[in-house]
Amino acid sequence: MIDPARGIDTQRTVYIADRTIAGLGTAPDGFRADREIHVPGQIVCPGLIDLCARLREPGHEYKATIASETFAASRGGITTLCSPPDTSPAIDTPAVAELLKERAELVGKATVLPIGALTQGLKGTELSEMSALKEAGCTAVSNALAPVANILVLRRAMEYAASHDLLLIIRPEDPWLRDNGVAHEGAVATLLGLPGVPQTAETVAVAQALELIEQTGVRAHFSQLSSARAVDMIALAQENDIPVTADVSAHQLHLTEQSLMGFDPLYHLIPPLRTQHDRERLRRGLLDETITAVCSDHQPHEEGAKLDAFSSTEPGISSLETLLPLTLRLVQGGDLSLPQAIARLTSGPARILNLTSGTLTPGSPADLCIFDPEQAWIVNSDTWCSRGLNTPFWGQMMKGRVTHTVLAGKIVFEASPTENAE
Amino acid sequence: MTVHRNDLQLDAEGRLRHFLSIDGLSKTLLTSIMDTAESFTGVAERNVKKVPLLRGKTIANLFFENSTRTQTTFELAAKRLSADVLSINIATSATSKGESLLDTIRNLEAMHVDMFVVRHAASGASHFIARNAAPHVSVINAGDGRHSHPTQAMLDMFTIRRNKGDFGDLKVAIVGDILHSRVARSQIHALNILGAREVRVVAPRTLLPTKVEQLGVSAFHNLDQGLRDVDVVIMLRLQKERMRGALLPSEHEYFNCFGLTEDRLRHAKPDVIVMHPGPINRGVEIDSRVVDGPHSVILQQVSYGIAIRMAVMSMAIHSEAKAAGGGAG
């Protein structure tokens, strides 16, 4: 059992009662188990917390639904998911936030945390009713992929979010510098003739935001970093005690611009895949704790969204079910220790969001992920649960397989014995 | 990585199956395209301007973007090979009615088309079609976004070879909007594969792509320096949209800095040839006196375009026919 929040990495029994962790190692007084799970050779850790997963509901049910994607999450050991506000309608009213939470509760596969819209309709001009959104359960606000109209709106939004002690999540991208770009502006985009997204589209946005974060004192989180320079800038800000955190998506830790050779739309991502140098810095950022969370940046699509020329396709990967094995690849490659890797999926994101989950401390929610770190499996339709089949890892071998996922004391996913025997 | 694209373009024996980009092809293959074209140049001078090579084959010209010259020369090339030709201007047809690119292809496949000649505004469009087309269909890229225009590059190479012979001693300058030019990218690959001594690109930095040197060129921002001692000058068309995107201040200033005039041409070798893929903006990127002057081979390019397109179409269809006959798939 590994609980990175408290630095525990040992063999111990986890006791669960009344939806919470009741005890570790020694049974609480009068404890009598309804069910025992013996998992020799496997890892028991807190349920994974994903800071960015699009569930496509409400509004884009032709791509996926809360039911389909929370099921896929449980398959991947994820017990808490943050939904960005760019649903349709956007999460800019309490009604939409509550709808997401209620539908997820009804399905009962994972906890969904709605991220509130920073501006009304994500239009970037007028502030959303952040206090009401907080009441309705939004722990953070964001303008998702949509730009704010100008830097003054961003400043006001930061001040207002800070007044309500809301975390501001920023996916840093300057829309002018991004322009119509679809690939990292570099050697590969030049060769393929694809419009480029310069690194400065990210770093200029980070620099602007950092100045305003320092001025306004808002708690801010940079989401889905893609460039080495942005990691350096955030590391420096953290040294200067500016309250910022950061995450990276799992696929950015493995893929680079080289994957675009051949124009496969499955590699069409925003932010784009950048260079090997960027990828190495993102990995080191996880090690030196500039980046404390790995997210899936899950974006399930219908088949047609990827059936066109590269730049005409919709960006994004369906990635809930590969989040854990792709993060474990860093352990297999020697970049992180196993407890470090698990921390970036549990205690790291929990701390960013101020959640009580993400740990196995007695009294905290009994959200658990149990996985076999050695079990290999192939990404294919036999076990894939997400409605979105848009993964470039299709047909590839992954190492590390979830066998049980527990949400508030209830087993929400259990691998079939035949699958275990594979 | 380039191997992946090779696989798409070549059959198991290394013959042309689709013609999508110059990058990744061998010198031998490029030379054999030019040799085949050489054998077709005589056809146009005959009384009956036809050879029966593609009799019974159906070729569809799919132009998602308008282009009078490229479309006409492809059509003429197909007809001289005795193929049946469908020319479909899709810029005003199916896809504007909401039909997807793939649906359009599927419909034409159902009409038993053997080859698609594709012009599209998105880079990689013909790769997409080649990957999704039925196995017996060949795809010829007639220009995709900023990526590639391989038949244009080959007719340019053919024009250079006919005028200059060997590539080994040649210095070539490509002048103008390299950033948005599929023609330039394909020419750069072709010149490097054929062993040109030096390939230069000449443009202000706003019209050069990032890391352009990695394509195998040296970059110049001054026309006089870029033209010094070159054997071949290739001028590119300047689109008027470039002024709106803050890439250039005005046509006037562009002509003053990068427009090719007789005076400037004196920096090049005395026997320099001047090329332009067309359509020409006289007085914007090139002075009329140069277009019509003794160094210009611009009209040769147009007529060689037919021979090159005949060569590429006959090679691709025949590789496919042999592969199908041999039971390979």
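Predicted model: local features only at pLDDT ≥ 70, side-chain atom pairs only at ≥ 80, totals over all residues.
## Interface between chains B and A

Together, chain B and chain A bury about 1,800 Å². Of that area, 63% lies on carbon and sulfur atoms. The contact involves 24 residues of chain B and 20 residues of chain A.

## The chain B side

Four helices of chain B each supply at least two residues of the side that touches chain A: H1 (2-9), H4 (101-110), H5 (125-132) and H7 (182-193). H5(B) gives the largest share, with five residues.

What is the make-up of the side of chain B that touches chain A? Its residues divide into nine nonpolar, nine polar and six charged.

## A parallel sheet in chain A

Chain A holds an open sheet of three strands, in the order E6-E7-E8. The pairing is parallel. Strands E6 (48-50) and E8 (111-114) of chain A are the edges, and each pairs on one side only. Direction ignored, neighbouring strands of this sheet are turned by 15° against each other on average.

E6(A) pairs with strand E7 (residues 78-83) of chain A in the parallel sense, over three bridges. Within that sheet, A:Leu48 stands opposite A:Ile78 in E7(A).

Methods: Residues numbered from 1 in each chain as written. Chains lettered and ligands numbered in written order. Heavy atoms only, no water. Contact = heavy atoms within 4.5 Å. Buried area = accessible area lost by both parts, 1.4 Å probe. Nonpolar A, V, L, I, M, F, W, Y, C, P; charged D, E, K, R; others polar. Pairing = 2+ DSSP bridges. Axes fitted to C-alpha atoms, helices over the stretch in contact; angles between N-to-C directions.
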